[in-house]
Amino acid sequence: MRRTAVLCSLLVSFTASAADEARVSVDDQGRVVARIAVAASADEVKAVLADPKGTLAALSPETLSVQTTTEGRCEMVDRKTRGVWRPFAFRAKRCPTAHGWTETLVASDDFTAYAAEWEVEDSDDGTTEVVYTIQTEINAPVPRALVRTNLKTAAGDMLKRLAGLFRRGSARH
């Protein structure tokens with residue numbers, strides 16, 4: 001009987017941790033695509049992602065600072081992130097979409113390309129599917145494969161932190 005209880009406990013632990021795992025891949029356009037199921041409604045997840053200089057920035061330890069200014073329906077987002085030899089800085093335009101947000105590069109000396117998209121949608125099982133797609137090209141002599149590998153790790157970790165907010169209940173209002 002005790003052995004069955006231990007096995008059930010291990011199965012529950014494994015299932016909980018597997019549910020928090022982000023699935024990260026690279027699509028045929030070279031973009032990193034990270035997906036995760038979050039135990040919250042789409043509105044609750046969108047509330048977290050709607051705050052680029054607060055909660056959203058805190059999900060990424062690579063983000064050093066964020067400033068925003070409103071521009072119509074969109075925001076201009078100035079970010080500093082950890083770089084290869086020094087912090088990287090860029091300005092992006094962040095606009096709402098039907099299912100989340102898109103960001104496109106406006107200006108940077110450090111990036112030659114940057115585009116990101118957040119898609120948030122309720123799933124039939126009561127969770128919310130979050131898809132984060134990002135592509136960057138840096139203006140430095142660093143192999144693309146290394147940049148993409150680091151981006152895959154960062155995107156997956158960020159989505160795991162997002163799911164963790166709701167697992168602990170700290171992001172619920």
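## Exercises: a cavity and a pocket

The largest cavity has a lining made up of Gly 30, Val 32, Ile 134, Gln 135, Thr 136, Glu 137, Arg 144, Val 147, Arg 148 and Leu 151. A cavity here is a set of points on a 1 Å grid over the protein atoms alone where a 1.4 Å probe fits but cannot get out, and lining residues have an atom within 4 Å of a point. The model is predicted, so local features need pLDDT of at least 70, side-chain atom pairs count only at pLDDT 80 or more, and totals for chains, interfaces and linings use all residues. Residues are numbered from 1 along each chain as its sequence is written, and side-chain values use heavy atoms, without hydrogens and water.

**Exercise 1.** Find which elements give two or more residues to the lining of the largest cavity.

*Solution.* Look for helices (H or I, at least four residues) and strands (E, at least two), which are DSSP runs numbered from the N terminus. You end up with β8 and α4. About 70 Å³ of space lies in this cavity, a volume being the space filled by probe spheres set on grid points joined across faces, edges and corners.

**Exercise 2.** Work out which element gives the most to the lining of the largest pocket.

*Solution.* A pocket is an open set with protein on both sides within 12 Å along at least five of seven lines. This one holds about 680 Å³ of space. Its lining has 30 residues, and Leu 151 is one of the closest to the centre. Now pick the top contributor: α4, with 7 residues.
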